[in-house]
Protein chains: 2
Amino acid sequence: MTIIQDIESVVGEKGLITGKDVFNRKAGIWIDDGIRADAIVRPKDTLELSKVLAICNKNKQAVIPHGGLTGLAEGAITQQGQIAISSERLTAIEEVDEIGRTMTLQAGVPLEKAQEEAEKYNLMLPVDLGARGSCTVGGNISTNAGGNMVIKYGMMRDSVLGLEAVLADGQVMTSMNQMLKNNSGYDLKQLFIGTEGTLGYVTKAVLRLREKPKSTNTALLAIDSFDGVIKFLKFIDKGLGGSLSAYEVMWKNFYELITVTGSNHNPPLPCEHNYYVLIETSGADQEKDTGHFEHLLEQGLSNQIIKDAIIAQSESERSRLWAIRDDVEQHYQEGPVKMFDVSMPISEMENYVQEVNKRFAANWDDYKCVVFGHVGDGNLHVIGGIGSDNLKEIKIMESCIYEPLKPINGAVSAEHGIGLEKKNYLHISRSETEINLMKSLKKALDPNNILNPGKVFD
Amino acid sequence: MTIIQDIESVVGEKGLITGKDVFNRKAGIWIDDGIRADAIVRPKDTLELSKVLAICNKNKQAVIPHGGLTGLAEGAITQQGQIAISSERLTAIEEVDEIGRTMTLQAGVPLEKAQEEAEKYNLMLPVDLGARGSCTVGGNISTNAGGNMVIKYGMMRDSVLGLEAVLADGQVMTSMNQMLKNNSGYDLKQLFIGTEGTLGYVTKAVLRLREKPKSTNTALLAIDSFDGVIKFLKFIDKGLGGSLSAYEVMWKNFYELITVTGSNHNPPLPCEHNYYVLIETSGADQEKDTGHFEHLLEQGLSNQIIKDAIIAQSESERSRLWAIRDDVEQHYQEGPVKMFDVSMPISEMENYVQEVNKRFAANWDDYKCVVFGHVGDGNLHVIGGIGSDNLKEIKIMESCIYEPLKPINGAVSAEHGIGLEKKNYLHISRSETEINLMKSLKKALDPNNILNPGKVFD
């Protein structure tokens, strides 16, 4: 029997896609190409997956975990000779514990569906990102997803209490802890969070839910100096006592393109300042919180840190402000661009952006370097465009972005991960000892190198 | 040359304690016995430690990491033939980054010293526990310390951004990330947090600091049913919108002993209720927050969940309320007792306590079973006393505490760790597959089993 036949004997016809049906599926929601793989396996439960991995391990067959295929770092790219294993049939939400404030669910549940389920109980799953409708909770775990509320609630890692993963040899590692505190031995779930499917296949999780905030305040601020951006972050974070839930900064050229040059959005504030900050709070009492929020903004205005401000007066105004921040696609309209996802100490950001611009200018007369990001988390996104998608040129652009991170201990990926896309740059953020230690873990858990081989490192 | 001579050639005379000076040091701050070990090594920096571990690894010499020796799970117990390595000379606080809100420091810094350093910058290190003056940051990391503010700020794990650890073979793994977000490869620091020194020796860390809260509200509440305790937790957590920082519950027999039977404390509330909840908030505006806090307590009183309440009106009143909760030693006055540290889903707590009492009653006519804990985190402490410290009897008591955790997926250690003390019970909380995976990690990182051997598991 071939491996595929072996697998079919486990998952049945419904659990297997082969032939040209494989390529008829898109390789990613941002990718026009089809999936290249020998098969897509769709196990219906953990037991089937366990048997499939045991077969693949015995045959040293490479497998690539597939969630919602919304990743931005080529972490789920497959090739001929490999088998994709999709979580698309693992979509059960098994339990919501209202008292313990946890949700137990399978890995293939889309993030948005989990968010909606939490809402039914007046609770919140505090991880949110643009791809919420398509990305899966299992993918969010495997990539340690970030998003817009990290400053208050942390990354996906901070919302995972327990999980179940199938190891390379098919063993099922069930570690479905439901408590905030558990120091009974090693915290094994950490091995499977943010390791991009290279150490195990996440099949289930217990997520921590929070009480849904009863108040939200949102404002867009204009600030002229980056020093002001930092000062105001510190001031407002302290002033709010823990209810700051977003501090998103748009550099002027981001705001300008979205609201003036080529867009549908009206500029809520005139486009004459250097930085625009979208700020949001989540608290407990709308009236009191709004008063306090306005008071803090007034202080910022009166001491001249903030040059201008607009507070959302309704949910639709709030949506309009967020739509500006979220309209990243606008930047993809004119010529080829590439989005980068880096992090660094906040105090280094201004110099870093200047250095990147200097390097771009030294290489190209005409270029685009649009910056925005979750400044409160140390995370910047840079949209780089050099008028060309020539691979050699792209490599130079990548160097312009990544090399300046080394002296400031920055990270080549803040939230998207490494995948195939950034593995050649991993050494910029991580030492040889660190990378060797990653390889030791990989070897200990997946000695035949069957799980997402070639991703993160070789 | 002997191993000790080899080590002395690295650390010098000042770096080494041998002979009876070893036993003259106490094995732990709660232990009367002296340290039993061939030597105590006191490296002055990471480089020395690296060389020492290389020597020990070559010679398969067991080493036991020593921090402040305040652990409660026998995680730092040594024996003849082993060498203790103390962090007592690694006490530098290297940097506080006010903008990035991080502190970089060596592992031997006492927790309290780090807290005080943060205070100088109007910042806060949000990990706090009774042993703050003696325990070290490195020990807090290695044991993933918990404490009183976990419900708001998480465990020590959540305050560690980066760290440096020396591996078993002497390699220095420097992973001093300073950012909230870094998905550049595996999050290796997790290997050294809460693994009790079995995978590496933590030498340095970057800790996340928070803005110091500008307001605090503290109250002691009396509630008659455990259902009320849970309901009010949910109500107040939601009502406060994220500023709840402690929800400590004392069962009646805890409160009674501390405030009535044999104590210096006056009972702030009469001792006629079943549960006493010490609740604290930390926020941004004292006046507004106090008003809101009082309003929520009034609601709790008017709908009869809370039977009685007292709000601290001053810092000294606050201290008096906390002193009741913290006076655990009082329970050690009459006969031998043992403190347990377990966690479970909050909804299981009441039945669990009943079950433990039933099992105690079935074994002993006269026993003590005093319960208190960080209920908001799912963490209970049980003080068990059976009038005997006979080892066989103690084992029966341990079974009474631990066995009922199995069916409810509880943890035999919530915050203290496993060490030697609980390793025979690890299987109650973790499956064979999980324990085998822990052993695989141990083997991959410490193939000669020199780092704290025999702790956590065999």
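Which residue is the bridge partner of Asp97(B) in strand 8 of chain B? That partner is Thr102(B).

## About the model

What you're looking at is a predicted model, where local features need pLDDT of at least 70, side-chain atom pairs count only at pLDDT 80 or more, and totals for chains, interfaces and linings use all residues. Residues are numbered from 1 along each chain as its sequence is written, while chains are lettered from A and ligands numbered from 1 in the order in which they are written.

Strand 7 (residues 93-97) and strand 8 (residues 102-106) of chain B pair in the antiparallel sense, with 4 bridges. Strands here are DSSP runs of E with at least two residues, helices are runs of H or I with at least four, and both are numbered from the N terminus; two strands pair if DSSP finds at least two bridges between them. This hairpin has 4 residues between its strands, and Arg101(B) takes a positive phi near 55° there.

Over in chain A, strand 10 (residues 160-166) and strand 11 are also antiparallel, again over 4 bridges. Leu163(A) stands opposite Ser175(A) of strand 11. Between these two strands there are 5 residues, and in this hairpin Gly170(A) has a positive phi near 95°. Buried means 20 or more other C-beta atoms within 10 Å of the residue's own, exposed means 12 or fewer, and partly exposed is in between, with C-beta atoms placed from the backbone.

## Chain A as a whole

Chain A has 14 helices and 20 strands. Its radius of gyration is 23 Å, close to the 23 Å that the globule rule gives for 458 residues, so chain A is as compact as a globular protein of that length. (The radius is taken over C-alpha atoms, and the rule is 2.2 Å times the number of residues to the power 0.38.) Along the principal axes, the C-alpha atoms of chain A fill a box of roughly 75 × 55 × 40 Å. Of its 458 residues, 55% count as buried.

An automatic or database assignment sets the domain bounds: chain A splits into domain 1 (3-88), domain 2 (93-211), domain 3 (215-329) and domain 4 (335-414). The C-alpha centres of domains 1 and 3 of chain A are 43 Å apart.

## How the copies meet

At the interface, 77 residues of chain A are in contact (C-beta atoms, placed from the backbone, within 7 Å) with 77 residues of chain B. Helix 14 of chain A gives the most to chain A's side, with 8 residues. And 100% of the interface residues of chain A are also interface residues in chain B, so the copies meet through the same surface.

## A loop residue in chain B

Asn274(B) sits in the loop between helix 8 (252-261) and strand 16 (275-283) of chain B. Asn274(B) is partly exposed, with 16 other C-beta atoms within 10 Å. Leaving aside neighbours within four places in sequence, Asn274(B) is in contact with Asp224(B), Ser225(B) and Lys252(B).

Key: Contact = placed C-beta atoms within 7 Å.
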